[in-house]
Amino acid sequence: MLKSFIKTCLSVSAVALLATGCTAINNNNTTTPSLNTNAQFDPSVQKENKKVQVTKEFLKVAQDKQYHVTTQNSLEGTIDSLATQMMRNTKVPSNRPVLFTSFVRLDNLKKTTEFGRVISESLINELSNRGFNVIEFRGQLNVSIDDKGEYFISRDIGKLKDKIPNTYVVVGTYSRQYGKVVLNARVIDNISGRIISSSRAIYQHNKRNDCVIFKDCKPPRTISIVKETK
């Protein structure tokens, strides 16, 4: 009886030792190789690694800005984004007057549309309410009146002042792309050309055809009706 008990204990011990040995062998086979100690403490490696980590953080910030600030799904949100960025990105605080020009097509800087004019007019409101010293240079020398109304602003150069005070000028461009419009705006010192502030926004309208936004849809095809000849 005692001999049988001893044999049983020895068998159990052997099995346990065998299992422990297999586990140890398996762990040795799956151990991750340690880093090269020399490279780990090399100053040049540490310097480059720090650059990589900092760059990763900048990219995270850029992605966050792209998602929450730059890309907007409404025209109102796009205008608000442009105005907020211009206010936050101002490099030189100044009370100098600021005048606005119409946003133009990126591929033709002498071509604008109602869309470009709406963006400009809306930014006048947004930035004026945010503290920019906005001036209206389209004011006539006189108020003109006819039977339909009274008018002060005009695009008739003959009715405007010859000169305006030394100002900053807001310029902007837009580019039509599939499902979106990319807009860029800048506040420029008209003397030095220096960029005082800038902003960028993407109007993500997701329309297959944006001609409704720009009002340049092609007219529907017509069919002529003629008298049938025999």
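1. Start with the surface: Val143, Ile145, Phe152 and Ile153 make a nonpolar patch of about 410 Å². Patch residues have over 30% relative accessible area and no salt bridge, and nonpolar side chains are joined within 5 Å. Areas come from the Shrake-Rupley method with a 1.4 Å probe, and a salt bridge is a side-chain nitrogen of Lys or Arg within 4 Å of a carboxyl oxygen of Asp or Glu. Strands β4 (139–146) and β5 (149–153) each give the patch at least two residues; strands are DSSP runs (E, at least two residues), numbered from the N terminus.

2. Keep in mind that this is a predicted model, where local features need pLDDT of at least 70 and side-chain atom pairs need 80 or more, while totals for chains, interfaces and linings use all residues. Residues count from 1 along each chain as its sequence is written, and side-chain values use heavy atoms, without hydrogens or water.

3. The protein chain averages a pLDDT of 83 (the predictor's confidence in each residue, from 0 to 100). Over residues 14–19, though, pLDDT stays under 50, and residues 21–33 stay under 50 too.

4. Now look at Arg200 in strand β8 (residues 195–203), partly exposed at 34%. Beyond four places in sequence, its contacts (heavy atoms within 4.5 Å) include Ser81, Leu183 and Gln66.

Terms used:
Helices (H or I, at least four residues) and strands (E, at least two) are DSSP runs, numbered from the N terminus. Buried means under 20% relative accessible area, exposed over 50%, partly exposed in between (1.4 Å probe, protein chains only). Patches are made of residues with over 30% relative accessible area and no salt bridge: like charges are joined within 9 Å, nonpolar side chains (Val, Leu, Ile, Met, Phe, Trp, Tyr) within 5 Å.
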